[in-house]
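Okay, everyone, thanks for coming. Let me put the sequence and the model up on the screen.

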Amino acid sequence: MTVRWGLIGASTIAREWVIGAIRATGGEVVSVMSTSPERARSYAAENNIGKHVSDLDALVSDPQIDAVYISTTNELHCAQAIAAARAGKHILCEKPLALSLNDAHAMAKAADEAGVVLATNHHLRNASTHTAMRDAIAAGKIGKPLSARVFHAVYLPPRLQGWRLDKPQAGGGVILDITVHDTDTLRYVLGRNPVEVIAFSQAGGMGKEGLEDAVMGVMRFEDDIIAQFHDGFTTKYAETGFEVHGTEGSLIGRNVMTQRPDGTVTLRTAEGEQSLPVSGGNLYETALTAFHAAVAGNGKPSATAKDGIWSLATGLAVAQAARTGAAVPVKTGL
């Protein structure tokens, strides 16, 4: 079957990544919604989309749409996802799912009651580099995992600034934008859930007062694994990376925390170093292939609503830890 899509939000990420991934995996983009009629019209023309609307109900009630991709600002996700679910549309939602756990659970409940797929667009777990690390750990290549380190401090380009730096009410700031991705990738690679977090945030001058533009901290995972993370919008010249260290070896990922299918993974043990094979496939196409299969009743999306709840709960705990200076337990309500 061809999954027919409506876009809720005329966004940069949809234009740069998701529209192409939908089409490359056999889907069709039918319509786009923006609350600005002019933006909806111009976006549809620029991206070869047949219909455009400026009202949510007009999009979710369209019988030619099977699924929606939500990429509006974070405070809008909950109401939009619930409206889509009640209209019988499958949902791929940007992270974080919502700004509160209550809202995220309400989204999941609405999808369950409607019998539709609700997925979170955590793209990094679709990278072949991270799958190679996950498989190596599961195969015992590094012995017992003890610690991890994620460096995901980047420079937020001008085209992506705006609300991320000046709208606290929209869930701006680096924690709900980047730390949630770290959390999901760590959960995917380690195969374990976070238990508690500690963190310090920083306002380095990019964000509006009250919004952090960098954060460092530590997450404690099940089996007493500790994971250090550094996220930022202000770091122009650093590389990204993901490391896992165990009793018998280390996995070193370089330039792997990115939307592009880039990066390398090196396994270091007593026997020396070896590069792990990676396929380098498009992360969003991998996600859309799994989503389309789930809609057809085959398997589940690569990142489920439950995965989105875990990353949101951890992000909220990191934000609380940064505010209070205390270690904060991760509580999902699941």
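Predicted model: local features only at pLDDT ≥ 70, side-chain atom pairs only at ≥ 80, totals over all residues.

Residues are numbered from 1 along each chain as its sequence is written, and side-chain values use heavy atoms, with hydrogens and water left out.

So, the second largest pocket holds about 270 Å³ of space. By pocket I mean, on a 1 Å grid over the protein atoms alone, an open set of points where a 1.4 Å probe fits, with protein on both sides within 12 Å along at least five of seven lines; lining residues have an atom within 4 Å of a point. The volume is the space filled by probe spheres set on the points. There are 14 lining residues, and Arg125, Arg187, Lys300, Ser302 and Asp307 are the closest to the centre. Helix H8 (174-190) and helix H10 (305-324) each give two or more residues to that lining; helices here are DSSP runs, H or I, of at least four residues.

Next, UniProt, in an unreviewed entry, lists residues 3-122 as "domain: Gfo/Idh/MocA-like oxidoreductase N-terminal". The end C-alpha atoms of that span lie 20 Å apart, and 43% of the span is helix, with 21% strand (E runs of at least two residues).

Cys78 counts as buried because its relative accessibility is 11%, and buried means under 20% relative accessible area with a 1.4 Å probe, protein chains only. Cys93 is buried too, at 0%.

Methods:
UniProt positions renumbered as here; feature names shortened; annotations may be inferred. Buried < 20%, exposed > 50% of the residue type's maximum accessible area, 1.4 Å probe, protein only.
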